[in-house]
Structures are given as C-alpha cells and as structure tokens.
Amino acid sequence: MPAIARPCDHDVVRDQRNQQPADPGQGAATKPMAQRPRSVAQLRRRRGGRLVAGVAGGVADHLGCPVLWVRGAFAVLAVCGGAGVLAYALLWVFVPQSTAAGEPMSTKERQQGFGVILLCLGAMVAVGGVFSMPAWLATPLVVVLVGAAVVWREADESQRRRWRQGARTNVVGALLGGGGRSAVIRVLAGAALVVVGIVVLLVGSTSMDEVRFALLAVGATLVGVAVLTVPWWVRLVRDLDIERASRIRSQERAEIAAHLHDSVLQTLALIQKQASSEREVRRLARGQERELRNWLYGPDGYGAQRPAVEDSRPATTLSAELARICGEVEDSFAIEVQQVVVGDCELDERLSAQLAAAREAIVNAAKHAGVAEVSVYAEVEAAQVSVYVRDRGSGFDPDSVPADRHGLADSIHGRMRRHGGTVKVRTSPGGGTEVQMEMPRAAA
Amino acid sequence: MTAGDATAPHPVRVFLVDDHALFRTGVRAELAAAEQVEVVGEAGSVAEAVAGIAHYQPEVVLLDVHMPDGGGAEVLRQVRPRQPEVVFLALSVSDAAEDVIAVIRGGARGYVTKTISGRELADAIVRVHGGDAVFSPRLAGFVLDAFSEGPGSAPVGDPELDLLTPREREVLRLLARGYAYKEIASELYISVKTVETHVSSVLRKTQLSNRYELSRWATDRRLV
C-alpha cells in the first residue's frame, strides 16, 4: 500500500512547487539571491596580498588584468598632478573590503609593487608637482595627509563598518576596538600628525592671535553644531534600533511562513488528495506531527533557546537517534511508535548496535503484531542502557519460531550478544510481546 | 463516593479549558459517549476559565497546558486557593517537559496527552475524581528524569521527598514502558489499588519536592 502511494506523493509535491510563483511570500524572498549570475567579480578591495590597502589588487581582480598594470597606471596618473594618488585614496575610502581572505602575495610581486611605488615617488619629485608649492603649505599638507592615512588605515573596514552600522557604539571604542596596544599607538600618532599639521599650517600662515581666535571660533562652532544636531542624532539611533528590530521580526515571520509552507501546507494538500485512504492519511498526519513537534519543542527546535553557534552539539545522542529510528518505522509501516527516553548520552559502537537491535524489534512488532501502536522505552543509567520494545499484539510462541527466521536470532540476539548485552523476550500467544535489551555502558 | 466506581450515583461534572474551540468540541463529542462523565461548561482563556469554574462548580477540570496569557499554570494559581476541592487533569499536546512539570507542580492531579482515546479519557477523569493520579507514559518519563540522580543533578533539599522509593521507581518505569495500571499490578504482584497509591505518592512528591525547581529540569537538560 505505501509502495503504491509513494509515487503520488512526489507528484503532488511537484505540483506544489510549480504553484509556488503564484505565492507572493517567501518565494520572492529566497530565490533571487541564489540565481543571480555572478560572471563579473564585484569591485572589492583585496584583503590578502596587498601593499597599501588592496585597491590596485581589487581593481585588477575586477578588470581581470595583472596587478602590475593597474599599479603602473596609478603611478602614471600620480605623476600627472597627483590624480593617481587622489584616485587611489578615493577608492580606498569608498570601495568596501572583500570578505574573503585571498592568497598572500609572492616576494617577486611585492618587490615589483614597491618598485612601482618608488618609481612613482621619484617621478613625482622630478615633476615637482607637490613641491612646486611654497614649503610652508606643502609640508603641513603632507603631514596632515600622512596622519589621516594612518588613522584611516587603522580604522579600516571592521571598525568603519561598526561606525556606520551601530551609531550607538562610541567612537573611541570603535577606533581602538580589537586592535590592541599597537593600534592605540598608531591611531594616536596619526591623530597627532593631523593636529601638528593643522597647527603648523595655521601658525605658518598667520599670526598667533588670529590662530587663537580662529581656533576658538572653530571650537565654538563645532560645539554649537553638536548641540543643535542632538535631536537628529537621537532620532538616527532610534530609527536604527527600530529598523533592526523590524528586520528581525520580518525575517522571523518569513522563516515561519517558509517552514509552514514546506511542511504543514504540503502535508494538508497531500491529505486532501489521499482522503480516501485512511491509512495513508494517518501516516502523513503522524509524520507531519512529529516533524512539527520537533521543530517547535525539540532540543534544537524553534522554541528552544538556540545554542551558540560555536558549541555545535554533536547530533548523535541516544535520544535523537532513537527518535529518528522510531520516526522511520512509523513512516514505513504506518503505525504509531510511542517513545519515552529517560536520560541521554552520546552514542558509541555498543549503543549503536543496541539501537540497531531495537530497530529490528520495532520493525518486528510493526510487521507481525498486528497493532497500531508500539511502545519504546529507553533508560540511560550510570552502568547500563536499557531499551524496551513492547506491543499488545498477537504475540507468539518462542519455541515454534522456525529455525530459518533470522530476525530475532541474528539481528537482535546476535547483535546484542556480540557487544556484551543481554536480551529477554517475553511473549505468549495473544499476550503481546516485549523485547528487553540491556547493554552495559562503556567505562567513561 | 468511592474511587473508580463505575456505578456512581451521578456522572462526574467536567469543565473544559482549551484555547482551541475545535478541540473543545472534539473532546465534548468524545466524552458524550461516556456515561460516567458530563461536560458542564468550557472556556477558551484564563479569565473565562476562572469565572467559569467559579460559576459551574465542576468536579474535574480538563486543563490545557499551553494557552495565551499564562496557560494552565495560571488557571491553577488563581483557582486553587479559592476552590481547593476542584481536581485538575492536564490534557496537553505539548512535548516540552517544563510546561508539563509546571502544571503538575501547580497542583494538577494528572497528565494525559491529546491523542488519548475518548474511553481512556473518561476513565482517567473518573480516576482523578476518585483521588488518584493519572500519568501518561510520557509524563512518567519526565518525572523519572526529574528525579534521576545522575552526576551533577540538582542539590537535595528534603531527602525524604527528593527520592523515589525503589517501588515507586519501578511503577513509574513500567508506566513509562506503556503498561496499564492493571498490567503493572500483575507484573509486580500487587493490587491495582497499591499501584494507584504509589502513583499518587509520586505525584505528591513531584508537587512538594524541593528537588530544586523540577520545572527547570528540561532547561538543565538542554544545556548538557
């Protein structure tokens, strides 16, 4: 009977899949991501194998040409009035860093890269682009630029992402976050360079009094701006929070909808199609109930606090495996297997053998007992693990079992004996059957 | 009126509490066939239940574990001080041990699952009304687990209450293995009455035990 029904299942499932585009919800949400073609690499700065900030490497990856050419192009542009430097700096600021690690660069490539940079610097000096400016202007400018570059480099990527996303995290923490002492020193050095540059610029150009006045004015203006924009900042932070919360909620909703669509709705559709076959309806409903129950209440289920990602629980515990086995038998024989497990432990070779024997016992009960329900009880004790498989079915006379039947002899008795366990079978015609399997636990 | 007396002078008055109307209708239909019980009213929320139980004065309340605004435990908390004579039987679809243990500790006299047949349910109602506890195999498993003395289990408060006697343990284990009370009695060569006494004392221990928040058992277990 199940064998006939199976192919139908798949047909109906396929029907459902075909109808899916008409469904506005999760179909739209999940599909485009996976299907978008990815022929051209997005422009991302390289993380590994970089000289300064990985901009040239990223551009090279994007265009699909050797890095050396890109570096050369930047150098040539730099000589032309510093356009290359500016372009490099802008790309550095605006192009996100790639998340993939990338391979480290070879010594040869590194030497080539430095060579390009030195050549470029030499050419710039020769052309005198920067240094044709008066010294009082050029020196502080260079100092400021170097300082800013140092700060920016320190704050690169992970910190800046935090600045952008969490307006709440304080800037000092973000600046220094995760970098340790050397990061602190470098940031302070960079900031000092910027300040020194600005001061030198101002001192060089104007008299001391004017500087003081200007600094006061600038400071006052900044404070004023900060005070004036307080409400705006507050709103920004609040909006971010609200936005984040609603995003989490809608993701949650989409996940639930997707799960219900994949499980409950499919099963209900199947049940409608199979309504005439009571046995099949029962099988479907039971399988669905088990699945949904596990999703809601199971140890890794939706309702449970999810364990942290890093402590990935081993999926092979006795209770999980027994539940799987019972579910399998329920599905293939259209009976109900009620399992109760007391205690739990990791599976080892012996317990796997015991569960295999238990499976055989459950299957025997399902096949021969002629009942709709089988009880399975497992108890984990300090010294041993006991499993009881019980039905209230027809039972049999143990002495009258033909010698050519191997199920009980080999799969249950043999398996248990080979691993040091014991089996007791209590049965009588008409009185049901109980198979007791006890396995000593391996010394911990 | 004596325990489990099938020829009781009047049927047991039952009140239904469940937030699903469809399920209440189903239970009513199932129980309509049984002569020993009579459904006198039903409620779909905690507030309705509290008011309804006060009004109808039922003898047994069939209580859902999972409901919005507090669930079965909240109904127990509000009704028990005022009407200590009302007996509660938890009827749940929940598999989460902490829910079930919470209701049992709140004072319910038994716990059965929603897939129970109408006849068995009527039988369970009569039994709790007679003063016994009714455990489904699943609850027996939960309780065994809560009282188990593995390494790292909860500290013992009252040693008298915090341990099950070997006999109680045996009875519970057979319950968990799917045996009916009658079968347990013949298995252990004791009377059905004795089995019921053991089960009742297990229930009492579950409710009174200081075994450090039995209800947190499931949480602890998940952390293992």
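**Close-up views of a predicted model**

View 1. Asp64(B) is buried, at a relative accessible area of 3%; buried means under 20% relative accessible area, exposed over 50%, and partly exposed in between, with a 1.4 Å probe and protein chains only. This is a predicted model, in which local features need pLDDT of at least 70 and side-chain atom pairs count only at pLDDT 80 or more, while totals for chains, interfaces and linings use all residues. Residues are numbered from 1 along each chain as its sequence is written, chains are lettered from A and ligands numbered from 1 in the order in which they are written, and side-chain values use heavy atoms, with hydrogens and water left out. Asp64(B) sits in the loop between β3 (60-63) and α3 (71-79) of chain B; helices (H or I, at least four residues) and strands (E, at least two) are DSSP runs, numbered from the N terminus. Apart from neighbours within four places in sequence, the contacts of Asp64(B) (heavy atoms within 4.5 Å) are Val17(B), Asp18(B), Asp19(B), Gly72(B), Leu91(B), Ser92(B) and Lys114(B). An unreviewed UniProt entry annotates Asp64(B) as "modified residue: 4-aspartylphosphate"; UniProt positions are given in the numbering used here, feature names are shortened, and annotations may be inferred rather than shown by experiment.

**View 2. The largest cavity.** The lining of the largest cavity consists of Leu16(B), Val17(B), Asp18(B), Phe23(B), Leu62(B), Leu63(B), Asp64(B) and Leu91(B). A cavity is a set of points, on a 1 Å grid over the protein atoms alone, where a 1.4 Å probe fits but cannot get out, and lining residues have an atom within 4 Å of a point. The volume of the largest cavity is about 30 Å³, taken as the space filled by probe spheres set on the points, which are joined across faces, edges and corners. At least two lining residues come from each of β1 (12-17) and β3 of chain B.

**View 3. Ile101(B) in helix α4.** Ile101(B) belongs to helix α4 (residues 97-106) of chain B. Ile101(B) is buried, with 0% relative accessibility.

**View 4. Helix α13 of chain A.** Helix α13 (residues 278-297) of chain A has 20 residues. From first C-alpha to last, α13(A) reaches 28 Å, close to the 28 Å expected at 1.5 Å a residue; the expected span is 1.5 Å times one less than the number of residues. Buried residues of α13(A) include Arg283(A), Leu284(A), Gly287(A) and Trp295(A).

Definitions and conventions: 1 Å grid on protein atoms, 1.4 Å probe; cavity = no way out; pocket = protein on both sides within 12 Å on 5 of 7 lines; lining within 4 Å.
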